[in-house]
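Me: I have a structure open and would like to talk through a few of its local features. Could you keep to plain sentences?

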Amino acid sequence: MRWAIKLASKNRLDGYKEHFVHEAMGDQRANVPVIFVSRDAARDYVKEHFGYRTRKDLRREPHGWLPAKVCKVTLTISEI
């Protein structure tokens, strides 16, 4: 079991959308999810990078950003 960070937004234009935090690896088109071994490490990453999501102006329209959530993920490798 590993941990990842899910970002979400809810507004009238786009509706409800969510995705995992990812980073570019070398080629800008090759984005990979950021995976953590411990929940504490994921929470520290959220505090450092997504603290601004608690701002009330960004939680209202048109942005509708919701706080980042740390969630459990299961990794499955189908091909090496």
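Me: Which residues are buried in helix H1?
Reply: This is a predicted model, in which local features need pLDDT of at least 70, side-chain atom pairs count only at pLDDT 80 or more, and totals for chains, interfaces and linings use all residues. Residues are numbered from 1 along each chain as its sequence is written, and side-chain values use heavy atoms, with hydrogens and water left out. In helix H1, which spans residues 39-49, the buried residues are Ala42, Tyr45 and Val46; buried means under 20% relative accessible area, exposed over 50% and partly exposed in between, with a 1.4 Å probe and protein chains only. Helices (H or I, at least four residues) and strands (E, at least two) are DSSP runs, numbered from the N terminus.

Me: Why do they sit on the same side of H1?
Reply: They cover an arc of only 100 degrees around the axis, so they fall on the same side of H1, the arc being that of the directions from the helix axis to the C-beta atoms. An α-helix has 3.6 residues a turn, so residues three or four places apart point the same way.

Me: And which ones are exposed on the other side of H1?
Reply: Asp40, Lys47 and Glu48 are exposed there.

Me: Switching to rings, how are Tyr45 and Phe50 paired?
Reply: The structure holds 2 aromatic pairs. Tyr45 and Phe50 form a tilted one, at 6.3 Å centre to centre with 50 degrees between the planes; rings of Phe, Tyr and Trp (its six-membered ring) pair if their centres lie within 6.5 Å, and planes under 30 degrees apart count as stacked, over 60 as edge-to-face and the rest as tilted.
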